[in-house]
Amino acid sequence: MAMIAFKCPDISVTVADINESRIAAWNSDDLPVFEPGLDDIVATARGRNLFFTTDKVAAIKEADIIFVSVGTPTKTYGVDAGRAADLKYVELCARDIAEYSDRSKIVVEKSTIPVRTAESLKTVLTANSNADVQFQVLSNPEFLAEGTAMEDLDNPDRVLIGGEETPEGLEAMETLTSVYAHWIDRDRIIQTNLWSSELSKLVANAFLAQRISSINSISALCEETGANVDEVASAIGKDSRIGPKFLKASVGFGGSCFQKDLLNLVYLCEHFGLPEVSEYWRGVIEMNDWQKRRFSTKIINALFNTVNGKRIALLGFAFKKDTNDTRESPAIYVGKDLLEEEADLAIYDPKVSPDQIRYDLGIEADSSKLDICDDPYEAVKGAHGVAILTEWDAFRDLDYQRIFDNMMKPAFIFDGRNIANRAQLKEIGFEVYAIGR
Ligand code: UGA
């Protein structure tokens, strides 16, 4: 929404949320998410044509287009817990929109939701509004990635808009297209039917996640055979049909979307009686779980099969660089595995808050099992092993000699992102484990 406001000074954008502290943060100099370039864009548009408010009623009444951008987490309770998406917030939002709208509006699904949710959205909206208020429901999934969100929004590969194939549906799609056309070529703004748009979002994430699980599965084979997974990735990526992106072997993918969207896809396939398809995509999640566990097992095995009472430093806790987001971060899984083996953890991440790390690991503030450090050199002091879990650029240029000097010997380094210079580390005297080498 900030980017739309930034690019379209003639359009007034209001972001409404019932969470008061969050809205206060959006109205302050300390935004609640860290995203490179976002501060500047908000600073330019805020107060001009970008507003943050907790007054959802006024925001709904005034709007011509409403983007529904609420959370759609995996269900944690009841029927299909752990598999289906929880659409509670989407439905509550639809009920609010129906209640407070006194004229016709376009309602855009921005949250990633399972296919055919637009239909439910439309049903709730229509059943709760009066006859002279009409709603056109559009699907407009978001493809930005965290850390590069501003570039992705500024110059997207495509914008996808799904709508009903009726005159009113087509007109609504045109209206939304005209918003994006302020800065994006029309040939990159794709219009499809509602279900294609909803499904494309799930499938795009499933394909991306599948590439990572594929290369990660090969990383295990490389470790057994002496091949180097980065060399294999580079060689296959030169084939223009395969392409070079998303082939970086790692400790596993994280983030709020891949696992959730894969689970949605798996669930949908099961629901529609396609168990083979469902199993196929479930394999992508299973490979990712295996890769994360494989990494923590490597650490334990290397440290003479016991980490009990040993200090292990984790460098990086965010699920990828340039974000403070830890949702589904592999670091959480590795950290928990090590804590279960009674290790003492020392953690450094340049952007993730200590409270978040404690919350994710389920550790009390006064626990002696967890030391959250302000700099990486402090974290490695007296450590038996160091694990690199996020590919922060700063971790490439660390003074690894200094790290080595501060560690217990033998000093082990486990590079879960293949970013450190392996030959250099070996020369310093480290025992090195890197994914797929
Ligand atoms: C992902 C998609 O890339 C976006 O297109 C999509 O809009 C977004 O989900 C979403 O649905 O909201 P995001 O989760 O922000 O974006 O980040 P990615 O860059 O996709 O990375 C996901 C995870 O995969 C990270 O843990 C990353 O470290 C890992 N990864 C990525 C690898 O392990 N290897 C790679 O080659 C690429």
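Reader: What makes α9 stand out in the shell around the ligand?

Author: Helix α9, residues 194–225, gives the most to this shell, with four residues. Helices here are DSSP runs of H or I with at least four residues, and strands are runs of E with at least two, numbered from the N terminus. The model is a predicted one, in which local features need pLDDT of at least 70 and side-chain atom pairs count only at 80 or more, while totals for chains, interfaces and linings use all residues. Residues are numbered from 1 along each chain as its sequence is written, and side-chain values use heavy atoms, with hydrogens and water left out.

Reader: Which residues of α14 are called buried?

Author: In α14, residues 354–361, they are I357, D360 and L361; buried means under 20% relative accessible area and exposed over 50%, with a 1.4 Å probe and protein chains only. Seen down the axis, the buried residues fall within an arc of 90° (taken from the directions from the helix axis to the C-beta atoms), so they line one face of the helix.

Reader: Which residues of α14 are exposed on the other side?

Author: These are D355 and Y359.
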